Amino acid sequence: MTRTAHRATAATTPRAAATTSPATPPPPDRAPAAQTSYREALREGIREAMLRDDRVFLMGEDVGRYGGSFGVSKGLLDQFGPDRIRDTPLSESAFVGMGIGAALNGLRPIVEVMTVNFSLLALDQIMNNAATLLHMSGGQLNVPMVIRMTTGAGRQLAAQHSHSLEGWYAHIPGLRILTPATIDDARGMLWPALQDPDPVLIFEHGSLYNLTGAATADHPQVDIDKAAVRRPGHDVTLVTYGGTLGVTLAAAEQLAAQNVDAEVIDLRVLRPLDDETVVGSVTQTHRLVVVDEGWRSGSLSAEVAARVAEQAFYELDAPIERVCSAEVPMPYARHLEQAALPAPADIVAAAHRTVS
Amino acid sequence: MTTLLPPAASNYTDGDAPAGINAGNDPMARALREMMRIRRFEETCVELYSASRIRGFLHLCIGEEAIAVGLMGCLTKQDAVVSTYREHGHAIARGMPMAVVLAEMFGKQTGCSRGRGGSMHLFDKDLRFYGGNAIVGGGLPVAAGLALADRMRGDNRITACIFGDGALAEGEFHEVANLAALWNLPVLFCCENNQYAMGTALAREHANTDLALRAASYSMVAWAVDGMDADAVAAAVRRASDLVRNGGGPCFLEMRTYRFRAHSMYDPDLYRDKPEIEEWKKRDPIPALSDRLRSSGALDDATVQKWEKEIAAEIATAVATAEAAAPESVTDLTRFVYSEPSDRS
């Protein structure tokens, strides 16, 4: 059990939790820095990487003059110029594949794809080349690249801009899948991802860009092998990642008021999954709720549940619960969209079922 | 812009081409010998397939050897090559030893991809031979990315990207052609137009069958070449690669050719007329060049016979070497999914 070592540098709290619960205080040896946002943290991560390594460049649709479709790369064009902040045409397969080629040829590309739904236009390159070349070439050709994209719902963007398909990508051997859910992770995951000799996909939940909070002052690097315990607890383990960390923390606060002490684990890394942290927690709490904005069938939540059933079946005191999105293409209208997404009340109810 | 450029005066010269060619000083004689090596190698693969020594898909380039030899002879060792699943000829002409290619198809440790790729996925990092890609069009973005890195660093080298006529029906071709021209990338697009996308004839797959013309619409220099003539291919590649290497942006060569055998060993070849095949066989690049060299006095029968013997011996040795190698160990099955710790920086 190493989870204590990775216990939350949760100096920042995402989404719903930001308004309903106080931030976990930072460890005393780290002074809080000025307020920042998830978007700015991502930008500073990119800036830092580009300053540290001149092989790094950013490529994607509207990353330059427009400033990034979600504003992440605003200002970077002025600092680094059009060669390293490279606007592309709407050619997802071409520019993702070109990232692969550039990585094979000694550069360290960061490729931005506007949303996970659009990444399907580049799925051939991601699956058949980036994830496959190392094996298919008998270990000769590794692909050190990072692909960033927005994922998730909550902004009334309907069914072609709102899905959570990171679980699909987590199915693919050869990829590493990261889901930063906090300001520190937004900043601190990119550099280690760029040090990975193999392709890394970073999924940024669209509802997190405006999340504000304090970043830890010395910008700790993230261990991209490990999940993080965002809230310690003894009665039930709530496992989540990315955009649903906020609602899960909010649910944990509601549960606390009802005398249920929930432990919240942020997976952070969907592939390879950190079984040790999850199983370690379930071994303490004996109850598990998995919260996943993806669809339930064949989902990441199913994988987590299966692994716990395989590895800690006799530790469980109750059936595993899952809280996922409704199995519909994401609707536009706010009330319909909200009804489709995991909500704190759903998580609270699921947790109560495990402890009752 | 298309099909109008006359061949330049330059002829096949193999500069610092990879080793493997040994046929005296006449570059065209060397090209002939190299085509013979590839032809005999492919014929051997048929025998090995029939004997169940090679399995999976096997796509042969018999009839198309002039492109492999004409192209590779004009690239430098520093250039990169991205190829297709019909790539034995390209790999051998680039300098990959026959034994390594065969060992790959036998699933041996000494195979270039340690038995994980097979016929369709030959790779050699040292030769800058980046596959062996079996998704039609899938290699094009990778080739453009290799070229992008060279351009960003200012390296004076080019990437030759080989694909078939079928790839022009894929969206990836059009995305990449546009981007390569827009960014002035040093890519030499080498379209092996063998008239069929698997079993679908050119006119049944393309509204406009002038492939060079279509490439030219992306603001790149493009023209068609006789892909059954190694000399013509080499002349075109030399001219195009000079342009690409000197910052002229990408270039597109439509090399018109024909495969004499079926698409793969699985293909009963029911979609082509025998007379059509026979008509193209009259343009077989090997006898055509051999006759030309003989009539000019540059080649005699004794030399050809000597080459046949040397090539037969080379192939026999390669087969024996590959057969004798150890199979890739099942205990290593899960290697090379992620880089190993020693690869981590």
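Where is the place of Asp269(B) in chain B?

1. Asp269(B) lies in the loop that runs between β8 (251-256) and α10 (274-281) of chain B; helices (H or I, at least four residues) and strands (E, at least two) are DSSP runs, numbered from the N terminus. With 14 other C-beta atoms within 10 Å, Asp269(B) is partly exposed. A residue is buried if 20 or more other C-beta atoms lie within 10 Å of its own, exposed if 12 or fewer, and partly exposed in between, with C-beta atoms placed from the backbone. Between Asp269(B) and Ser217(B) there are 52 residues in sequence and 34 Å in space, C-alpha to C-alpha.

2. The model is predicted: local features need pLDDT of at least 70 and side-chain atom pairs count only at pLDDT 80 or more, whereas totals for chains, interfaces and linings use all residues. Residues are numbered from 1 along each chain as its sequence is written, while chains are lettered from A and ligands numbered from 1 in the order in which they are written.

3. Chain A contains 15 helices and 14 strands. Its radius of gyration is 19 Å, close to the 21 Å that the globule rule gives for 356 residues, so chain A is as compact as a globular protein of that length. The radius is taken over C-alpha atoms, and the rule is 2.2 Å times the number of residues to the power 0.38. The C-alpha trace of chain A spans about 60 × 45 × 45 Å along its principal axes, and 60% of the 356 residues count as buried.

4. Where the chains meet, 33 residues of chain A are in contact with 36 residues of chain B, contact being C-beta atoms, placed from the backbone, within 7 Å. On the chain A side, α4 (92-104), α6 (123-130) and α7 (133-136) each give two or more residues. The most come from α4(A), with nine residues.

5. In chain B, the axes of α5 (residues 139-153) and α6 (residues 171-182) come within 8 Å and cross at roughly 15°. That makes α5(B) roughly parallel to α6(B), a term for angles under 35 degrees. Axes are lines fitted to C-alpha atoms, for helices over the stretch in contact, and angles run from 0 to 180 degrees between N-to-C directions. Leu140(B), Pro141(B) and Ala144(B) of α5(B) make the contact with Glu172(B), Phe173(B), Val176(B), Leu179(B) and Ala180(B) of α6(B).

Terms used:
Contact = placed C-beta atoms within 7 Å. Parallel < 35°, antiparallel > 145°, perpendicular 65-115°, else oblique.
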